[in-house]
Amino acid sequence: GLEACAIAPGVSGLDCAHPSARLRRAALDHLGASLELALELGAPVIIVVPSDCSEPVPRSTREDNLARAAETIAEAAALVPVGGPSFVIEALNRYETYLVRTLAEAEALRAAIDSPHVALMVDVFHMGIEEDCTAESIRAHADQIRYVHLADNQRREPGSGQLDIAGALAALSDSGYHGYLTMEFLPATDQALRSARSHVAELAGIPA
C-alpha cells in the first residue's frame, strides 16, 4: 500500500552526453526501463542525471556534450504517455559531475529539451556546494521544480549541519511547491532517529 514517490536509476557511469553512441544508448535504455517501472508503480517522477562523470571525454566540448544529453533525454521523454511521470533533471556538485551543477544549468538543459515530460529537481546538499544562494535559486526556478532531496552539508539529516535548510523550505513553500520532500542522507545519528520516531508517533497519535 505504499506510494512510490520517485524512481532513481542509481547506476554509476550512465552518461547521456557521451560521444559514444553505444554508451548513450545504454543510458537511454536504462531511462526507458526506469520509465516502465515508474508506470508500473505509479511513481510521478524519474530522476535523471545527465552525466555522473567527473570529467568530460577529452576533445569533447561542453556545447556538444549538452546537445547530446538533450537529445538522449528528449528520446526518453518521448516515450512517456499522456499523463505519465516526469523526468526530473538533477544537478550534482563539482566532485560528482562536470556537466550540470546548478539549477540554472539544469534549466538551460530542460529548455533545450523542451518537453512537457521534463522538469527539474532540487537537492539542497549539492546546492550547498554549487549555488550562491540556495533559496534564491529555488525561487528563480520554482515553476519547473517537481521533486526535492534533503540532506545537510555533511550528508547527514537536515538540521544537523550548517546549511540553511529552513530558508530552502521557506522558498519552496513560498513558491507553492506541493511535491515530495525526500530525505537522502547517510545513516542518521541516534538523536535524529529518536526525534523522527517521536515525530511519527505524534502524527499517528500513538505512544513514542
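Buried means under 20% relative accessible area and exposed means over 50%, with partly exposed in between. The legends below use these words throughout, and they describe a predicted model.

**View 1. Glutamate 184 and arginine 155 meet in a salt bridge.** The closest N and O atoms of arginine 155 and glutamate 184 are 3.3 Å apart. This pair links distant parts of the chain, since arginine 155 sits in the loop between β4 (145–150) and α6 (165–174), whereas glutamate 184 sits in the loop between β5 (181–183) and α7 (190–204), 29 residues apart. Glutamate 184 has a relative accessible area of 30% and therefore counts as partly exposed, while arginine 155, with a relative accessible area of 17%, is buried. Salt bridges that share partners join Asp123, Arg155 and Glu184 into one network.

**View 2. Glutamate 130 and arginine 94 form a salt bridge between distant parts of the chain.** The side chains of these two residues meet at 2.9 Å, taken from N to O.

**View 3. Arginine 139 and glutamate 136 pair within helix α5.** The closest N and O atoms of this salt bridge are 3.5 Å apart. Because arginine 139 and glutamate 136 are three residues apart in helix α5 (residues 134–140), about one helical turn separates them. Arginine 139 counts as partly exposed at 33% relative accessibility, and glutamate 136 counts as partly exposed at 46%. A search of the whole structure finds eight salt bridges.

**View 4. Arginine 24 is buried yet has no salt bridge.** This residue lies in helix α1 (residues 21–41). The nearest side chain of opposite charge is that of glutamate 71, which is 5.4 Å away, whereas a salt bridge requires a side-chain nitrogen of Lys or Arg within 4 Å of a carboxyl oxygen of Asp or Glu. Leaving aside residues up to four places away in sequence, arginine 24 touches Asp15, Cys16, Ala17, His18, Pro19, Arg68 and Thr72.

View 5. Isoleucine 89 of β2 is the bridge partner of valine 48, and in β3 the bridge partner of isoleucine 89 is leucine 120. From strand β2 (residues 86–89), Ser86 and Val88 point one way and Phe87 and Ile89 point the other way, and all of these residues are buried. The chain crosses from β1 through helix α2 (residues 62–77) to β2 in a right-handed β-α-β crossover, and another right-handed β-α-β unit is made by β2, helix α3 (residues 103–113) and β3.

**View 6. Helix α2 has buried residues that are covered by several other elements.** The helix has 16 residues and reaches 22 Å from its first C-alpha to its last, close to the 22 Å expected at 1.5 Å a residue. Its buried residues are Asn65, Arg68, Ala69, Ala70, Thr72, Ile73, Ala76 and Ala77, and what covers them includes α1, β1, β2, α3 and β3.

Terms used:
Residues numbered from 1 in each chain as written. Predicted model: local features only at pLDDT ≥ 70, side-chain atom pairs only at ≥ 80, totals over all residues. Heavy atoms only, no water. Helix = DSSP H or I, 4+ residues; strand = E, 2+ residues; numbered from the N terminus. Buried < 20%, exposed > 50% of the residue type's maximum accessible area, 1.4 Å probe, protein only. Lys, Arg positive; Asp, Glu negative; His and termini not counted. Contact = heavy atoms within 4.5 Å. Pairing = 2+ DSSP bridges. Right-handed = clockwise from strand over helix to strand, strands pointing away. Expected span 1.5 Å × (residues − 1).
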